[in-house]
Amino acid sequence: MAKRKERIQNPEPFVPDGTDYAKLKKRSKAPKHHQKEEKLIASNISSKIMKEALIQQRELQEEEDAEDLGNTKSSFHGVDDLPLVKEDDDDIDNFAGFSETQSQFGGYEEEINEEDERLMEAFLSKEPGCQKTLADIIVQRIKQKDVSVASENRPVPKLDKSIIDIYKGVATHLSKYTVGKIPKAFKHIPSMQLWEEVLYITEPENWSPNALYQATRIFASNFGSKKAERFYKLVLLPRVREDMRKNKRLHFALYQTLKKALYKPSAFFKGILFPLCESRTCTLREAVIIGSIIEKVSIPPLHSRYVNLVKDLGFG
């Protein structure tokens, strides 16, 4: 007699669809591969959207905060200059120069009343102004480090001899410069760590007016506000004041140099205007000329407080 086959039984009872147990069982199954991928992609996109939204929100908040700060705080604390378009080397080397007969005011002369000038001089400090130049700063620095050169009028910084020779040649060129190319070595000065010492070797006090104009174009374009301010204060301002004192007028090239310097507004006000006011020896002629430059050049809105200060001081 054949053995009877055992009946295979399902260990789990039959459960109709729709019951709670069936729902629980379906839910307990692991998701398929494509379901996992869809879930990850959706999460990633959502995360990016949220990130971008937060960034935009933060930028908007920073802009609002900056506007509020500009309304409540003086603009020369923590406000950078607007980006300045760098001067092209070809534009600098193609400089055609300024005519010696051009008016410092580009077509008309500012009339300065001599009586007003004498009246203003009566209120100026009788003590000579302490207007330090770059040469004064570097010479003092050299003599502090090396007492053996204390008796020298113009000691040379301790730099490589080849560097000194190159920039002494640049000094000779700039003292006679009128038009055309500027030496490439000079254009490298803004990127140097010891730029002040190298600039000192070129003897800025002996540059021609056109050379000073070209130098200001290069430095205003390649320096940040702090370094540009120092160049304006130690090189440009002393030279401008000396020219006005000697000639009772300002050379046209120097007038254009001051206009070019104003493209770095913060540096201009800190390196030219404020030191001029602090000297207590600013003449009416200097005030008229500086004021006319400020009127002619467009000042960015962020620096409008400077302009208001200028007007309060009587420069504009």
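Hello everyone, and thanks for coming. Please keep in mind that this is a predicted model, where local features need pLDDT of at least 70, side-chain atom pairs count only at pLDDT 80 or more, and totals for chains, interfaces and linings use all residues. Residues are numbered from 1 along each chain as its sequence is written, and side-chain values use heavy atoms, with hydrogens and water left out.

Let's start with the overall picture. The protein chain has 14 helices and 0 strands; here helices (H or I, at least four residues) and strands (E, at least two) are DSSP runs, numbered from the N terminus. Of the 316 residues in the chain, 38% are buried. I use buried for under 20% relative accessible area, exposed for over 50%, and partly exposed for in between, with a 1.4 Å probe and protein chains only. The accessible surface of the chain comes to about 20900 Å², and carbon and sulfur atoms hold 52% of that. Those areas come from the Shrake-Rupley method with a 1.4 Å probe, and for residues only the protein chains shown count as cover.

Now to the cysteines. How many disulfides does the structure hold? The count is 0, with a disulfide taken as a pair of cysteine sulfur atoms within 2.5 Å. Take C277: its closest cysteine sulfur is in C282, 6.3 Å away, and that is too far for a bond. C277 is partly exposed at 28% relative accessible area, whereas C282 is buried at 8%.

Let's look at T281 next. T281 sits in the loop between α12 (265–278) and α13 (284–296). Is T281 buried or exposed? With 16% relative accessibility, T281 counts as buried. Its side chain makes a polar contact with the side chain of R241, at 3.0 Å. By polar contact I mean a pair of N or O atoms within 3.5 Å; within protein, one must be able to donate a hydrogen and the other to accept it, and residues adjacent in sequence count only if both atoms are side-chain atoms.

Finally, the salt bridges. A search of the whole structure finds 9 of them, each being a side-chain nitrogen of Lys or Arg within 4 Å of a carboxyl oxygen of Asp or Glu. In one of these, E196 pairs with R141, the closest N and O atoms being 3.1 Å apart. That pair links distant parts of the chain, with E196 in helix α8 (residues 195–201) and R141 in helix α5 (residues 134–145), 55 residues apart. E196 is buried at 7%, while R141 is partly exposed at 26%.

R141 also forms a salt bridge with E197, where the closest N and O atoms are 2.7 Å apart. This pair again joins helix α5 to helix α8, across 56 residues. E197 is buried too, at 11% relative accessibility.

Another salt bridge runs between E242 and K246, at 3.5 Å between the closest N and O atoms. Both residues lie in helix α10 (residues 225–247), 4 residues apart, or about one turn of the helix. E242 is partly exposed at 30%, and K246 is exposed at 58%. As for shared partners, salt bridges join R141, E196, E197 and R230 into one network.
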